Amino acid sequence: MSVRSQSSEQSASSQAPHRAGFACFVGRPNAGKSTLTNALVGQKVAITANQPQTTRHTVRGIVHRPDAQLILVDTPGLHKPRTLLGERLNDVVRTTWAEVDVIGFCLPANEKLGPGDRFIAKELAGIKKSPKVAIITKTDLVDSKTLAEQLIAVDQLGKELGIEWAEIVPVSATANKQVDLLADLLIPMLPEGPALYPEGDLTDEPEQVMIAELIREAALEGVRDELPHSIAVVVEEMLPREDRPADKPLLDIHAFVYIERPSQKGIIIGPKGKRLKEVGIKSRKQIEALLGTPVFLDLHVKVAKDWQRDPRQLRKLGF
């Protein structure tokens, strides 16, 4: 079993050819994939939340190095689907796996391997061409003995299912431990070639999608147990406010927060509109940081009955 830590040799000759390609993080929901993407890119590009199934769009984070460009594809967690939305999310995952240069399988250090991990590992075993790296996430939450046990368990899981791990790497995205080492190990697995995105680009996700995700993340805060998957956000329009001086621009953003049932409306809006106002304040700050311009955010809550099970509504909401 080859487990990498920061003391491993990091040799890269200055004459090494430039590499560029796609890596994909997989794992059951809430295994730390989005947090790891954000840590590698160095900025928030993927929505993170402490409950499963928050990532619904394939967010690409782009890591720029002098000798390489690593494009991270962040997929929804693969899970046993209970709704049409769940089935569509799983299709997205499988399509992505077939198209990337390397797959990182994220397994949290603080949770024993379970049926969800085994379910994904079995699917991975069927993909022959892409190298697979086992990434043990959230190492800051465990002691060294627990981490060692998890490393052995992951190595054993690979042997059982016939998966040959290219590397097994323990990391902590929140404590920024071994994140750079992970990039160093992924890059040699990419094909040689020029950069695929301009220097400075961090994602190819359209701004409106990223803004909708920031609003949804803020809306989920505090109501995760009550409405874990029932919230969707659509940005209807973004327009610069007219009659503003050039040095004092203002961007008007109109967005709808969709829920599945009328009874959920009160939960999102809160007493006297207090919760919705907090959602607006929190997400507006993040949107202004993302866009670098002052924003007026207009939020409305709408009911889209049982949208997770309705193909027409799913299309309308961008799934």
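The model is predicted: local features need pLDDT of at least 70, side-chain atom pairs count only at pLDDT 80 or more, and totals for chains, interfaces and linings use all residues. Residues are numbered from 1 along each chain as its sequence is written, and side-chain values use heavy atoms, with hydrogens and water left out.

**Overall make-up**

- The protein chain has 9 helices and 9 strands, taken as DSSP runs numbered from the N terminus (helices: H or I, at least four residues; strands: E, at least two).
- Of the 319 residues in the protein chain, 50% are buried (under 20% relative accessible area, with a 1.4 Å probe and protein chains only).
- The accessible surface of the protein chain is about 15500 Å², and carbon and sulfur atoms account for 52% of that surface (Shrake-Rupley method, 1.4 Å probe).
- Among contacts (heavy atoms within 4.5 Å) between residues at least 6 apart in sequence, 72% join residues at least 24 apart.

**Helix 3 and helix 4**

- The axes of helix 3 (residues 115–125) and helix 4 (residues 144–161) come within 10 Å and cross at roughly 50°; helix 3 is therefore oblique to helix 4.
- Axes are lines fitted to C-alpha atoms, for helices over the stretch in contact, and angles run from 0 to 180 degrees between N-to-C directions.
- Oblique covers the angles left once those under 35 degrees (roughly parallel), over 145 (roughly antiparallel) and 65 to 115 (roughly perpendicular) are set aside.
- The crossing of helix 3 and helix 4 is right-handed (the near helix is turned clockwise from the far one by less than a right angle).
- Helix 3 contributes Arg118, Ala121, Lys122 and Ala125 to the contact, and helix 4 contributes Leu157, Glu160 and Leu161.
- The residues of this contact comprise 4 nonpolar, no polar and 3 charged (nonpolar: Ala, Val, Leu, Ile, Met, Phe, Trp, Tyr, Cys and Pro; charged: Asp, Glu, Lys and Arg; polar: the others, Gly among them).

**Helix 6 and helix 8**

- The axes of helix 6 (residues 207–220) and helix 8 (residues 274–291) come within 8 Å and cross at roughly 145°, and the crossing is right-handed.
- Residues of helix 6, including Met210, Ile211 and Leu214, meet residues of helix 8, including Val279, Ile287 and Leu290.
- By class, the contact of helix 6 with helix 8 has 10 nonpolar, 2 polar and 3 charged residues.

**Gly222**

- Gly222 lies in the loop between helix 6 and strand 7 (232–240).
- Gly222 has a relative accessible area of 67%, so this residue counts as exposed (over 50%).
- Gly222 and Ile267 are 45 residues apart in sequence, with a C-alpha to C-alpha distance of 9.9 Å.
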